[in-house]
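Take a walk through this model, one site at a time.

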Amino acid sequence: MRVLKFGGSSLANADKFLQVAAIIKDQSSTTPVAVVVSAPQGVTNHLVAMAENINDENKLTSDLSSFKRAIETIINDLDAKLSTFDRKHSEDTLAKWEHSLGQYLKGANMLSYCPEHIRAIIISMGERLSVALLQSALVAQNEQVSILAPEEFLLTNDVSLNAVAELEQCKEAFQSTYSNLSNIAIMPGFIGVNSEKQVTTLGRNGSDYSAAVLAVCAQAECCEIWTDVDGVYNADPRVIKDASLLDYLSYQEAMELSYFGASVLHPKTIGPIAQYHIPCLIKNTGNPKAPGTLIANENDQQKRVKAISNLDNLTMVNVSGPGMKGMVGMASRVFATMSRENISIVLISQSSSEYCISFCIHSQDAEMARTSLQEEFELELLNGLLEPLTLTHDLSIVSLVGDGMHHQRGVAAKFFSSLAQAQVNVVAIAQDSSERSISVVIEQRKCTSAMKVSHQNFFSHKPTIDVFMVGCGVVGSELIDQIARQQEKLTEQNIVVKVYGLANSKGMVFNEDGIDLENWQETLGKNPVPVTAANVKAFVRENHLINPVLVDSTSNEALAMSYVDFLEEGFHVVTPNKKANTDSWEYYQALRVAAQKTNRRFLYETTVGAGLPVIDTFQNLLKAGDELQRFEGILSGSLSYMFGKLEEGMPLSEATAIAKENGFTEPDPRDDLSGMDVARKLLIMAREAGMQLELSDISIESVLPSDFDDSGDVPTFMENLKSIDEAFGQRVKSASAEGKVLRYIGNIVDGKCQVSIEAVGPAHPLYSIKDGENALAIHSRYYQPLPFVLRGYGAGAAVTAAGVFGDILRTLAWEQQH
């Protein structure tokens with residue numbers, strides 16, 4: 001025999017009843033089946049409401065009407081779908097229990113309260129009606145059905161509403177009562193009887209527990225729990241979208257998971273089947289061909305961690321003080337107090353000094369626990385032997401579970417590293433000696449983030465980068481295109497890069513599933529909000545993103561000055577914007593302090609050499625013990641291009657016009673010709689070397705003579721530029737006469753920075769740098785007399801965007817290290 005249990009979601013309407021009937025017919029064709037049913041979905045809620053609102057006539061009338069209507073709807077629909085449906089049997093059963101319900105409610109109303117044993121009868125009526133409905137549906141399809149009455153054998157203790165079965169007595173009673181059953185037998189779940197023959201109910205997931213008890217009594221070959229999911233997942237699929245189905249769990253693993261929040265299972269259900277070694281199969285009523293999850297006796301030690309679960313709405317109670325240390329019996333008094341109040345303790349943690357005992361309870365029991373403990377320890381509290389009780393609310397427990405964990409090293413370290421990565425503080429830790437599970441108590445608001453990172457690191461191995469991009473100009477739009485083009489390659493490497501936020505000058509738009517990068521221009525126009533750390537943080541928190549990265553592709557100073565806010569809120573910051581790194585020395589330091597404090601990265605590789613790996617290379621040299629002695633570099637791709645054209649004999653005005661037309665310069669070429677852009681890059685290099693300099697400390701020679709009138713709009717300026725072509729041509733010729741060329745170079749010598757036009761000969765490392773190339777010559781303790789030279793194209797959106805993309809991916813390496 002096999003025991004099949006169907007929950008309320010599997011019996012929500014007539015179609016679901018017929019689906020269940022089809023499964024029963026299929027199973028019974030090969031082996032006898034005993035079927036346990038819950039109440040139709042929603043029905044028990046109405047019954048509970050009636051039991052709780054006995055003095056509210058309006059509420060009683062409303063709930064009674066809803067209860068009756070739910071059952072009548074199923075009867076009517078089954079009658080319409082099955083020509084031989086025994087409507088009268090179902091209606092008579094409904095009338096019988098409706099009458100009983102009215103009598104019980106009337107009596108409770110007279111007493112002004114509902115005794116627990118009466119409440120048990122009321123809230124279990126839905127299961128009895130499911131039996132009648134399913135019996136009629138099966139008989140209409142020519143199936144013979146026996147009815148199992150739990151009152152005849154399912155004997156429990158005397159707790160009315162959360163009873164526990166007396167398994168040996170149940171077995172004896174069942175075998176003496178039900179020696180000969182039809183091929184199909186149906187029993188209402190959730191119901192038992194105590195020693196006084198009063199109806200009891202079996203508590204949360206009581207019908208599952210009924211099925212487990214029946215499986216023991218009938219010596220079933222398997223107990224099948226049919227629900228609305230395909231089985232047990234390695235995490236809650238409502239929270240973790242890529243949670244995967246588990247094909248097998250041991251009884252011990254299932255017990256741990258059910259205890260710490262896996263909603264498909266309940267510890268009371270696992271107990272009987274584990275004790276009597278009965279396999280349990282979790283199946284989906286809506287997908288009966290799916291294999292489901294088998295729970296059985298053998299351990300599967302091939303996997304280090306089998307699943308991760310969470311339990312929410314918990315409160316941590318702390319009992320502490322000098323009176324705890326060395327005092328025999330203090331702990332027993334604490335837990336005896338909780339036992340007297342029937343308060344379930346979920347997790348216990350005690351300090352090695354015996355100064356404090358901490359334990360988690362369900363938050364609904366918190367105030368009762370506080371009152372009871374204060375009464376129990378009144379004298380100790382008055383005399384200062386105990387400190388005032390503290391209760392910490394809004395907590396969750398996250399647990400890793402797996403039989404094979406004790407064979408593997410580093411599981412705990414990886415778990416705590418994952419929590420740190422999610423920026424989660426651990427309130428308490430618990431692990432039993434079997435090492436089958438590790439549990440941590442954390443803030444509930446951080447639970448989803450903790451689950452996501454832990455699942456990512458233990459199971460999916462798909463690290464994520466959650467991008468919020470500001471600036472959709474030349475570089476920004478190219479970066480978007482590059483991210484879109486690389487999606488396939490990133491997927492092959494198990495890397496997920498999604499752009500969740502996109503902003504231009506009008507504001508930022510968000511999409512919780514990631515912005516469609518093929519149609520991002522259209523998305524930008526839809527209800528933008530201001531670009532603030534608060535707005536972006538709110539989105540990250542609501543969607544539990546774990547690796548947020550702010551990408552600033554603008555030259556906006558106000559945004560650059562908010563980087564510290566983003567870093568302190570847990571964002572990485574990636575930018576080609578030079579404003580932040582060239583503001584005051586104090587702000588420069590604040591950026592680094594914020595990044596270190598929150599274990600985030602502030603990455604700005606493209607601020608100096610566009611796509612060239614300048615900053616990273618220089619930082620690594622310094623970390624390895626090298627020291628900068630002198631630096632010289634051509635740091636502007638646009639000026640490199642223009643000075644190359646000057647060398648070829650082209651006038652300055654023409655070279656500038658061509659560079660502007662090709663997009664090498666800023667829209668206003670004066671921004672390039674002033675030398676300020678190069679000065680900012682030079683200051684960044686100087687500060688990387690540890691020099692506490694300000695932008696005002698840099699000596700800047702503009703490409704434009706000091707007496708040149710650079711006022712007016714851009715066309716006027718371009719026209720006026722022709723007036724200095726001749727003078728500039730003379731400088732080029734003079735240098736050429738000496739076998740030299742003009743280059744616009746940034747120098748760091750003896751702690752001083754200078755940006756100027758220099759005439760350099762063939763022996764100089766920057767002599768051949770032109771046509772848009774950048775080059776940096778680093779003279780150091782290790783690299784002399786020949787410098788370390790980095791050379792490559794420094795102008796253009798593609799190389800700059802590629803450099804920014806590289807920085808974005810480097811945030812991932814940081815996450816994996818930390």
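The side chains of Ser 399 and Ser 439 are joined by a polar contact of 2.7 Å. A polar contact is a pair of N or O atoms within 3.5 Å; within protein, one must be able to donate a hydrogen and the other to accept it, and residues adjacent in sequence count only if both atoms are side-chain atoms. The model is predicted: local features need pLDDT of at least 70, side-chain atom pairs count only at pLDDT 80 or more, and totals for chains, interfaces and linings use all residues. Residues are numbered from 1 along each chain as its sequence is written, and side-chain values use heavy atoms, with hydrogens and water left out.

Ser 399 sits in strand S14 (residues 390–401). Helices (H or I, at least four residues) and strands (E, at least two) are DSSP runs, numbered from the N terminus. Is Ser 399 buried or exposed? Ser 399 counts as buried because its relative accessibility is 0%. Buried means under 20% relative accessible area, exposed over 50%, and partly exposed in between (1.4 Å probe, protein chains only). Leaving aside neighbours within four places in sequence, Ser 399 is in contact (heavy atoms within 4.5 Å) with Phe 260, Ala 307, Ile 308, Ser 309, Ile 438 and Ser 439.

Now turn to the second largest pocket. Its space comes to about 1,000 Å³. A pocket is an open set of points on a 1 Å grid over the protein atoms alone, where a 1.4 Å probe fits, with protein on both sides within 12 Å along at least five of seven lines; lining residues have an atom within 4 Å of a point. Grid points are joined across faces, edges and corners, and the volume is the space filled by probe spheres set on the points. Of the 37 lining residues, Val 475, Ser 555, Lys 578, Glu 666 and Asp 677 are the closest to the centre of this pocket. Elements that give two or more residues to the lining include helix H16 (474–485), helix H28 (676–688) and helix H31 (797–817).

Next, the backbone. Ser 112 is not a glycine, yet has a positive phi of about 65 degrees. Ser 112 lies in the loop between helix H4 (87–111) and helix H5 (116–123). With a relative accessible area of 48%, Ser 112 is partly exposed.

Phe 190 also has a positive phi, near 80 degrees. The loop between strand S4 (184–188) and strand S5 (191–193) holds Phe 190. Phe 190 counts as buried, at 11% relative accessibility.
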